[in-house]
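Work through these exercises with the model open beside you. Try each task before you read its solution.

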Amino acid sequence: MSENKNLRPTSIIIFGATGDLAKRKLFPAFYNLYIDGRMPKGFTIIALGRAEHDDDYFRNYIKENLNEFSRKKVTSEDWAGFQAHIKYIQHQLDEQDSYKNLNEKLEKLDTVYGTRGNRLFYLSIGPNFVTVISNHLKNNNLASDSKKDRIIIEKPFGHDKQSAIELNALLAENFEEEQIYRIDHYLGKETVQNILAFRFGNSIFEPIWDCQHIESVQITVAEEVGVETRGSFYEQTGALRDMIQNHLLQILCMIAMEPPSSLEAGEIRDRKVDVLKSIRRISPEKVDHYAVRGQYGKAIINGAQVKGYRQEEGIAPDSNTETFAAVKFYLDNERWQKVPFYVRTGKKMQEKHSYITIQFKPLPNSTFSQSSQHLSANRLIINIQPMMDIRLQFMAKKPGLELDLKPVEMIFDNFACQENTPEAYETLLLDALIGDLTLFMRSDQVEEAWDVVKTIQETWENRKDSSLPNYEAGSWGPKDSFALPERQGHHWV
Ligand code: BG6
């Protein structure tokens with residue numbers, strides 16, 4: 001097995017190692033990095049969980065899950081090498097002794113490496129535990145070297161602007177900002193990263209990337225799944241907090257940002273913050289005009305009865321939580337004057353499909369305007385998942401004797417280039433091991449993003465919507481969400 005010689009030995013400590021994220025995403029990501037030779041020469045994954053298990057039991061549990069969730073096949077040879085790096089420690093998140101014990105184990109590992117290695121703490125736990133863990137790490141000097149110790153924090157980062165400010169302040173007391181990796185896994189997705197390459201690595205798109213040429217932008221993240229086993233978490237969260245405040249606004253930033261002067265993390269994060277600051281805030285009276293919420297109701301799909309949100313486990317029978325949200329944003333800056341950015345996301349939609357549509361303006365005075373030809377305006381579609389491609393739609397002549405036009409597509413297909421691309425978590429964990437913060441959120445980004453959705457969030461929370469549930473499971477969302485772009489003669493693509 002090759003290894004990444006540029007990386008220092010690292011102890012990876014996972015809080016919440018018996019949880020869902022660890023089994024579905026984190027261990028598979030580390031395993032795939034390992035078989036691709038991307039892990040450091042010396043590394044140990046210390047899995048922390050409440051229950052009492054021995055290493056063998058935990059390793060077997062991980063192996064079973066890898067068989068299900070790993071991108072690459074698990075072979076006995078690779079597994080034998082990988083499993084030797086995993087250690088399980090019983091740990092109580094709020095008990096001082098647990099941290100003392102952890103400290104001793106980490107110091108022992110440093111002796112094994114012959115040098116104080118890097119430490120990567122992954123907080124894969126509910127938001128309520130971030131404070132207590134962070135304080136214990138600080139008080140026990142577990143993450144005291146700002147150059148070597150890093151802390152990854154999962155979303156949700158706070159539950160509103162105020163709580164995010166407080167959390168940032170607390171983390172700032174315990175760590176340096178350069179140690180804090182606030183993760184938004186959408187930024188690790190291949191197609192989302194490609195936006196940067198596509199926009200700033202070509203000379204033909206940037207000159208037309210503005211309000212002179214673009215009519216509207218749409219971002220859709222549709223999920224086929226419902227809330228599954230996460231009912232009690234989701235009930236307190238809703239689509240606006242769970243998806244729009246982070247994933248969709250981050251995608252919006254990638255589409256709308258000004259060209260960064262370098263690929264340096266600080267520069268790219270600055271440009272993104274500029275976008276968030278420029279998003280016009282929606283006043284409470286205007287929330288209904290700019291935002292639509294929805295909740296899925298029961299339905300019959302393919303002859304089978306499908307539960308509505310209110311029938312799911314852990315959900316109140318009169319729940320006011322939205323499982324769908326659509327918002328129209330405007331950016332008050334020179335580049336995007338008057339260009340609507342429509343974003344929408346929902347659970348239990350007709351299909352899983354995340355994509356961005358850049359709708360260009362129609363030709364002002366077309367050579368074909370006198371003929372019977374119907375010209376479709378150019379459109380660029382970036383498919384994020386499950387398809388991963390970029391499609392440019394334009395008009396071309398139909399082959400034949402007449403000068404008839406038809407819309408055609410030019411496609412860049414990621415799968416055609418590489419079938420098995422790394423998962424978002426592989427990209428992001430490798431960046432954290434390297435110490436590259438570019439794809440992680442800085443404190444001001446998170447706070448601005450909360451500020452963008454603040455009035456919508458407060459209005460929805462304080463006003464019960466008697467129309468909920470207002471879309472059938474398996475549909476494309478509530479009727480009002482279609483009216484949102486239609487008022488301006490636009491349509492969801
Ligand atoms: C998570 C949300 O951040 O993203 C989930 O909490 C959502 O509710 C998930 O299902 C979607 O991620 P992906 O990668 O499957 O699109």
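A residue counts as near a molecule if one of its heavy atoms lies within 4 Å of it. Keep in mind that this is a predicted model.

**Exercise 1. The ligand shell**

Task: List the residues around the ligand, sort them by class, and find the helix that gives the most to the shell.

Solution: 
- Step 1. Apply the cut-off of 4 Å. The residues around the ligand are Lys155, His185, Tyr186, Lys189, Glu223, Arg230, Asp242, Met243, His247, Lys347, Lys352 and Gln385.
- Step 2. Sort by class. The shell has 7 charged, 3 polar and 2 nonpolar residues.
- Step 3. Look for the helix. Helix H9, residues 238-256, gives the most to this shell, with 3 residues.

**Exercise 2. Polar contacts and burial**

Task: Find the distances from ligand oxygen atoms to the side chains of lysine 155, histidine 185 and lysine 352. Then state how much of the ligand the protein buries.

Solution: 
- Step 1. Recall the cut-off: a polar contact is a pair of N or O atoms within 3.5 Å.
- Step 2. Start with lysine 155. An N or O atom of its side chain is 2.7 Å from an oxygen atom of the ligand.
- Step 3. Go to histidine 185. One of its polar side-chain atoms lies 2.8 Å from a ligand oxygen.
- Step 4. Take lysine 352. Here the distance from a polar side-chain atom to an oxygen of the ligand is 3.5 Å.
- Step 5. Turn to area. The ligand exposes 400 Å² when taken alone, and the protein buries 81% of that.

**Exercise 3. The second largest pocket**

Task: Describe the volume and lining of the second largest pocket. Why does this pocket lie between domain 1 and domain 2?

Solution: 
- Step 1. Give the volume. The second largest pocket holds about 330 Å³ of space.
- Step 2. Count the lining. There are 15 residues, and Pro127, Asn128, Gly158, His159 and Ser163 are the closest to the centre of the pocket.
- Step 3. Trace the main source. Helix H6, residues 161-174, supplies the largest share of this lining, 4 residues.
- Step 4. Sort by class. The lining has 7 polar, 6 nonpolar and 2 charged residues.
- Step 5. Domain 1 (10-154) and domain 2 (187-486) both give residues to the lining, so the pocket lies between them.

**Exercise 4. The cavity**

Task: Count the cavities of 30 Å³ or more, then describe the largest cavity.

Solution: 
- Step 1. Count. There is 1 cavity of 30 Å³ or more.
- Step 2. Give the volume. The largest cavity has about 90 Å³.
- Step 3. Inspect the lining. It has 13 residues, with Lys155, Phe157, Ile183, Asn246 and Met441 nearest the centre.
- Step 4. Assign helices. H9 and helix H14 (443-462) each supply at least two lining residues.
- Step 5. Sort by class. The lining divides into 7 nonpolar, 4 charged and 2 polar residues.

**Exercise 5. Backbone exceptions**

Solution: 
- Step 1. Recall the background. Most residues other than glycine have a negative phi, and most peptide bonds are trans.
- Step 2. Check proline 386. Proline 386 sits in the loop between strands S15 (379-385) and S16 (389-397).
- Step 3. Check proline 469. Proline 469 is in the loop between H14 and strand S18 (471-472).
- Step 4. Check asparagine 302. Its phi is positive, near 50°.

Terms used
Residues are numbered from 1 along each chain as its sequence is written. This is a predicted model: local features need pLDDT of at least 70, side-chain atom pairs count only at pLDDT 80 or more; totals for chains, interfaces and linings use all residues. Side-chain values use heavy atoms; hydrogens and water are left out. On a 1 Å grid over the protein atoms alone, a cavity is a set of points where a 1.4 Å probe fits but cannot get out, and a pocket is an open set with protein on both sides within 12 Å along at least five of seven lines; lining residues have an atom within 4 Å of a point. Grid points are joined across faces, edges and corners, and a volume is the space filled by probe spheres set on the points. Ala, Val, Leu, Ile, Met, Phe, Trp, Tyr, Cys and Pro count as nonpolar, Asp, Glu, Lys and Arg as charged, and the others, Gly among them, as polar. Domain bounds come from an automatic or database domain assignment. A polar contact is a pair of N or O atoms within 3.5 Å; within protein, one must be able to donate a hydrogen and the other to accept it, and residues adjacent in sequence count only if both atoms are side-chain atoms. Accessible areas come from the Shrake-Rupley method with a 1.4 Å probe; for residues, only the protein chains shown count as cover.
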